[in-house]
Amino acid sequence: MKLHHHPLSTYSRRVRIALIEKQLEAELVEVDMAAGAHRSPAYLALNPYGRVPTLEADGFVLFESSAILDYLEATHPTPPLVPPDARGRAQVAMHVKLCDLQMSRQTGTIIFPKRFLPKERWDAAAMAQAKKEIEKHLDVLETQIKGKPYLVADRYSLVEVCYTPFIEFLPLMEISPPPAVAAWTARMLERPSARETKPAM
């Protein structure tokens, strides 16, 4: 397998975390996005959207992180990152989707300018609104995870794989999560897969 990625990409990090959790070997090919490598004809032939990550596996190409995670789970089910039962799998699918809808887009609205743009180019109103939406989402998660170590079936799953790259930036976003969510995020960030893939802030 070959993973085209960038070390600062949250979506690339999801896949790298899953590879480590599943103890899978993959050739890591860093896409030099600052130099425009993601817009090169060669890369666009793999991923017409010019984004990362892109997975190549024996001529098979995937270029959406959630689909890549599903593929890795289907082709390498041990150790499992989803429960064995239909309800548990449905809960994982629900939470992964909610992570993308309620967390990842809003996080990008805040952390992209804070990491890569001068302050005079920030959209302060959009960033403030995104922060409110994230805080509301974390309040919902608080009610669902209270008293549990993880969101689904009391086990680490693709839900945590997907959330880890975003909750890494809660301090940068100046967001203090409620207590059960704070404990959950600490458990995620303490894992070797999270530490090994932690980006330079």
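1. Let's start at Glu174: this residue is exposed, with a relative accessible area of 56%. Bear in mind that the model is a predicted one. The side chain of Glu174 meets that of Lys114 in a salt bridge, 3.0 Å from N to O. The two come from distant parts of the chain, with Lys114 in helix H4 and Glu174 in the loop between H6 and H7, 60 residues apart. Lys114 counts as partly exposed, at 23% relative accessibility.

2. That bridge is one of seven salt bridges in the structure. Another joins the side chains of Arg13 and Glu168, again at 3.0 Å from N to O. Here helix H1 supplies Arg13 and the loop between H6 and H7 supplies Glu168, and the pair is 155 residues apart. Both Arg13 and Glu168 are buried; for Glu168 the relative accessibility is 10%.

3. Glu168 has a further partner, Lys198, and the closest N and O atoms of that salt bridge are 3.8 Å apart. Lys198 sits in the segment after H8 and Glu168 in the loop between H6 and H7, so the pair ties together parts 30 residues apart in sequence. Through shared partners, Arg13, Glu168 and Lys198 form one network of salt bridges. Lys198 is partly exposed, with a relative accessible area of 48%.

4. Now have a look at helix H6, residues 158-167. It is largely enclosed by the rest of the structure, because 10 of its 10 residues are buried. Among them are Glu160, Cys162, Tyr163 and Pro165. The cover over the buried residues of H6 includes helices H1, H3, H4, H5, H7 and H8.

5. Next, the pair H4 and H5. Their axes are 9 Å apart and they pack at an angle of about 145 degrees. H4 passes H5 in a left-handed crossing. On the H4 side the contact includes His95, Leu98, Met103 and Lys114, and on the H5 side Ala130, Glu133, Ile134 and His137. By class, the contact has nine nonpolar, seven polar and four charged residues.

6. Finally, the sheet. It is open, with four strands in the order E2-E1-E3-E4 and mixed pairing. E2 (27-30) and E4 (60-62) are the edge strands, each pairing on one side only. From one strand to the next, the twist averages 20 degrees. E3 and E4 run antiparallel and are joined by three bridges, and Leu55 stands opposite Leu62 in E4. H3 packs on the sheet, where it touches E3 and E4, and its direction makes about 30 degrees with that of E3. H1 lies across E1 and E2, running at about 150 degrees to E1.

Terms used. Residues are numbered from 1 along each chain as its sequence is written. This is a predicted model: local features need pLDDT of at least 70, side-chain atom pairs count only at pLDDT 80 or more; totals for chains, interfaces and linings use all residues. Side-chain values use heavy atoms; hydrogens and water are left out. Buried means under 20% relative accessible area, exposed over 50%, partly exposed in between (1.4 Å probe, protein chains only). Contact means heavy atoms within 4.5 Å. Axes are lines fitted to C-alpha atoms, for helices over the stretch in contact, and angles run from 0 to 180 degrees between N-to-C directions. A crossing is left-handed if the near helix is turned anticlockwise from the far one by less than a right angle, and right-handed if clockwise. Ala, Val, Leu, Ile, Met, Phe, Trp, Tyr, Cys and Pro count as nonpolar, Asp, Glu, Lys and Arg as charged, and the others, Gly among them, as polar. Two strands pair if DSSP finds at least two bridges between them. A salt bridge is a side-chain nitrogen of Lys or Arg within 4 Å of a carboxyl oxygen of Asp or Glu.
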